[in-house]
Amino acid sequence: MVGGGWLRLRPGAVTDDTELSLCVARALVERGELSRRAIAERFAAWLTGRPTDVGNTCRRGIRSYLLDGTLEVPPSAGDAGNGAAMRMLPVALFTLGDDALLARCAVAQAHLTHHHPLSDAACLLLGRLVHAACRGEPLAALRALVGRTVAEHPAFRFEPYPGLASGYVVDTLQTVFHHLFSTRSFEETLVATVNQGGDADTTGAIAGMIAGALHGPAGLPPRWLRRLDPRLLAELAALADGLVDLSPLAVRQRAPSP
């Protein structure tokens, strides 16, 4: 919101988290389905446009597509970063009302750049948290969802909080959950999460996707929105509407009564 930092951003600028999420959202709305090739094409155009920042694993996966059309990177112990999780919001909105579709789409988009069980688990959990928040479920219900994933993948345990906020997907989610479940508003969650430091744009992006669904538009500080490019705000609103309109939940609601 104030600009600067090591990337020397202008106030209200976005980073690779938002830019790659926009690639996913635009491809989903344009095609009306999840096409990994359509997403990969947008990733490739973004990377060749010399973005301000890009994670190493994302860069490697996108370069593989540019070189030989790879749409699923091979499993790798080095792919447990947060680069697939950070772009999960469009997939979550697109799959509202269908957990099985969420699971398929979450992994499909993740494996364009990241192929690791912890990355997969993080993507699926984040999608489920957004789904639950969009259904109006309370914070306690979201915490129960996290608890079930922690039982299956103990690495994500965040109590006591280790205090790390690196690009490792475990550190990222531990940071997000620690602050999400110890704050009471969108602004408080975001400020606490980002000020933890480390990979702050990604922890902020992930905290924002959950807290935004939880608290709704009324929870967004107007002074923050005024900092953003109005064209970006308009596109985000249009894409969100388009993604939800394509979701199984919206399709069922439009179906005529028998």
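Reader: How many cavities of 30 Å³ or more does the structure hold?
Author: This is a predicted model. The structure holds 1 cavity of that size, 30 Å³ or more.

Reader: What volume does the largest cavity have?
Author: About 30 Å³.

Reader: Which residues line the largest cavity?
Author: Ala40, Phe43, Ala44, Gly61, Ile62, Tyr65 and Leu112.

Reader: Which helices each supply at least two residues of that lining?
Author: Two helices are named here: α2 (36-48) and α3 (56-68).

Reader: And how do the lining residues divide by class?
Author: The lining of the largest cavity has 6 nonpolar residues and 1 polar. No charged residue takes part in the lining.

Reader: Switching to pockets. How much space lies in the second largest pocket?
Author: About 280 Å³.

Reader: What lines the second largest pocket?
Author: Leu9, Arg10, Gly12, Ala13, Val14, Glu19, Leu22, Arg26, Thr52, Leu228, Asp229 and Leu232. By class, that lining has 6 nonpolar, 2 polar and 4 charged residues.

Reader: Which element gives the most to the lining of that pocket?
Author: Helix α1 does, with 3 residues.

Reader: New topic. Where does UniProt place the feature "binding site"?
Author: The UniProt record, an unreviewed entry, puts "binding site" at Thr15, Asp16, Asp17, Asp199, Asp201 and Thr202. They span 188 residues in sequence, yet no two of their C-alpha atoms are more than 11.7 Å apart, so they gather at one spot.

Reader: Take Asp17. Where does Asp17 lie?
Author: Asp17 is in helix α1, which covers residues 16-31.

Reader: Does Asp17 count as buried or exposed?
Author: Buried, because Asp17 has 1% relative accessibility and the cut-off for buried is under 20%.

Reader: Which residues is Asp17 in contact with, leaving aside neighbours within four places in sequence?
Author: Met86, Asp201, Thr202 and Ala205.

Reader: What about Asp201? Where is the place of that residue?
Author: Asp201 is in helix α10, residues 200-215. Asp201 is partly exposed, with a relative accessible area of 27%.

Reader: Which contacts does Asp201 have, leaving aside neighbours within four places in sequence?
Author: Asp201 is in contact with Thr15, Asp16 and Asp17. With Thr15 there is also a polar contact of 2.8 Å, joining the two side chains.

Reader: Back to α1. What's the story with Cys23 in that helix?
Author: Cys23 is found in α1 and counts as buried, at 5% relative accessibility. Leaving aside neighbours within four places in sequence, Cys23 is in contact with Arg42, Phe43 and Trp46. Phe43 is also one of the residues that line the largest cavity.

Reader: What separates Ala25 and Arg143?
Author: Along the chain, 118 residues. Between the C-alpha atoms, 27 Å.

Reader: Now Glu33. Where is Glu33 found?
Author: In the loop between α1 and α2. Glu33 counts as partly exposed, at 43% relative accessibility.

Reader: What is Glu33 in contact with, leaving aside neighbours within four places in sequence?
Author: Ala27, Leu28 and Phe94.

Reader: How far apart are Glu33 and Leu246?
Author: In sequence, Glu33 and Leu246 are 213 residues apart. In space, C-alpha to C-alpha, they are 8.4 Å apart.

Reader: Last one, Gln174. Which helix is the place of Gln174?
Author: Helix α8, residues 169-180.

Reader: Does Gln174 count as buried or exposed?
Author: Buried, at 6% relative accessibility.

Reader: And which residues does Gln174 touch, not counting those up to four places away in sequence?
Author: Gln174 touches Ala155, Phe156, Arg157, Phe158, Tyr161 and Pro162.

Conventions: Residues numbered from 1 in each chain as written. Predicted model: local features only at pLDDT ≥ 70, side-chain atom pairs only at ≥ 80, totals over all residues. Heavy atoms only, no water. 1 Å grid on protein atoms, 1.4 Å probe; cavity = no way out; pocket = protein on both sides within 12 Å on 5 of 7 lines; lining within 4 Å. Points joined across faces, edges and corners; volume = space filled by probe spheres on them. Helix = DSSP H or I, 4+ residues; strand = E, 2+ residues; numbered from the N terminus. Nonpolar A, V, L, I, M, F, W, Y, C, P; charged D, E, K, R; others polar. UniProt positions renumbered as here; feature names shortened; annotations may be inferred. Buried < 20%, exposed > 50% of the residue type's maximum accessible area, 1.4 Å probe, protein only. Contact = heavy atoms within 4.5 Å. Polar contact = N/O pair within 3.5 Å; in protein donor to acceptor, adjacent residues only side chain to side chain.
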